[in-house]
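Open the structure in your viewer and keep the selection tool at hand. The tour goes stop by stop, with something to select at each one.

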Amino acid sequence: MYSYREQESRMIFAASCVESAAIHFGCSSTEMYERMAAVDLINGYILKHYQVLHSESREYVTEDVINCLLAWEARKAQKK
């Protein structure tokens with residue numbers, strides 16, 4: 001599927017997305033990871049769209065991930 005190097009790059013990118021969002025919300029990376037995992041944001045959005053996202057600026061990616069997280073959390077809350 002992906003080479004070791006490509007997989008490593010994808011994981012580093014995902015971790016940086018988690019960390020950037022955590023800084024934005026003023027929470028720990030662990031808390032942010034749990035929020036993202038609860039709506040499958042890491043696999044379902046960040047890694048799925050890695051090829052497009054990783055070429056964008058850090059600011060853009062952070063804003064995009066935050067907006068996506070909030071939308072996916074709201075959608076999940078509506079389904080309950």
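## Stop 1: helix H1

Select H1, residues 4-25. Helix H1 has 22 residues, and the distance from its first C-alpha to its last is 32 Å, close to the 32 Å expected at 1.5 Å a residue. Bear in mind throughout that this is a predicted model.

Now colour the buried residues of H1: Arg10, Phe13, Ala14, Ser16, Cys17, Val18, Ser20, Ala21 and Ala22. What covers them includes H2, H3, H4 and H5. An α-helix has 3.6 residues a turn, so residues three or four places apart point the same way.

Just after H1, click on Gly26, which takes a positive phi of about 70°.

## Stop 2

Two packed helices are described by the angle between their axes and the distance between the axes.

On the H1 side, select Cys17, Val18, Glu19, Ala21, Ala22 and Phe25; on the H2 side, select Ser29, Met32, Tyr33, Arg35 and Met36. By class, the contact of H1 with H2 has eight nonpolar residues, one polar and two charged.

## Stop 3

Next, select Asp40, in the loop between H2 and H3. Its phi is near 60°, a positive value in a residue other than glycine.

## Stop 3: H1 against H5

Hide H2 and show helix H5, residues 58-79. H1 and H5 pack at an angle of about 75°, with their axes 9 Å apart. These two helices, H1 and H5, are therefore also roughly perpendicular to each other.

Select Phe13, Ser16, Cys17, Ser20, Ala21, His24 and Phe25 in H1, which meet Arg58, Val61, Thr62, Val65, Ile66, Leu69 and Leu70 in H5. The residues of this contact divide into nine nonpolar, four polar and one charged.

Zoom in on Ser20, a residue of helix H1. Ser20 counts as buried because its relative accessibility is 15%, and buried means under 20%. Leaving out residues up to four places away in sequence, Ser20 touches Arg58 and Thr62.

Move across to Thr62, in helix H5. Thr62 is buried, with a relative accessible area of 15%. Apart from its neighbours within four places in sequence, Thr62 is in contact with Ser20 and Ala21.

## Stop 5

In soluble globular proteins, nonpolar side chains tend to be buried together. Here the largest nonpolar core has 22 residues, and those with the most contacts inside it are Met36, Leu41 and Ile46. H1, H2, H3 (41-47), H4 (50-53) and H5 (58-79) each supply at least two residues of this core.

Finish by selecting Ile46. Which residues does Ile46 touch, not counting residues up to four places away in sequence? They are Phe13, Ala14, Cys17, Met36, Leu41, Leu53 and Val65.

Key:
Residues numbered from 1 in each chain as written. Predicted model: local features only at pLDDT ≥ 70, side-chain atom pairs only at ≥ 80, totals over all residues. Heavy atoms only, no water. Axes fitted to C-alpha atoms, helices over the stretch in contact; angles between N-to-C directions. Helix = DSSP H or I, 4+ residues; strand = E, 2+ residues; numbered from the N terminus. Contact = heavy atoms within 4.5 Å. Nonpolar A, V, L, I, M, F, W, Y, C, P; charged D, E, K, R; others polar. Core = buried A, V, L, I, M, F, W, Y, C linked by side-chain atoms within 4.5 Å. Buried < 20%, exposed > 50% of the residue type's maximum accessible area, 1.4 Å probe, protein only. Expected span 1.5 Å × (residues − 1). Parallel < 35°, antiparallel > 145°, perpendicular 65-115°, else oblique.
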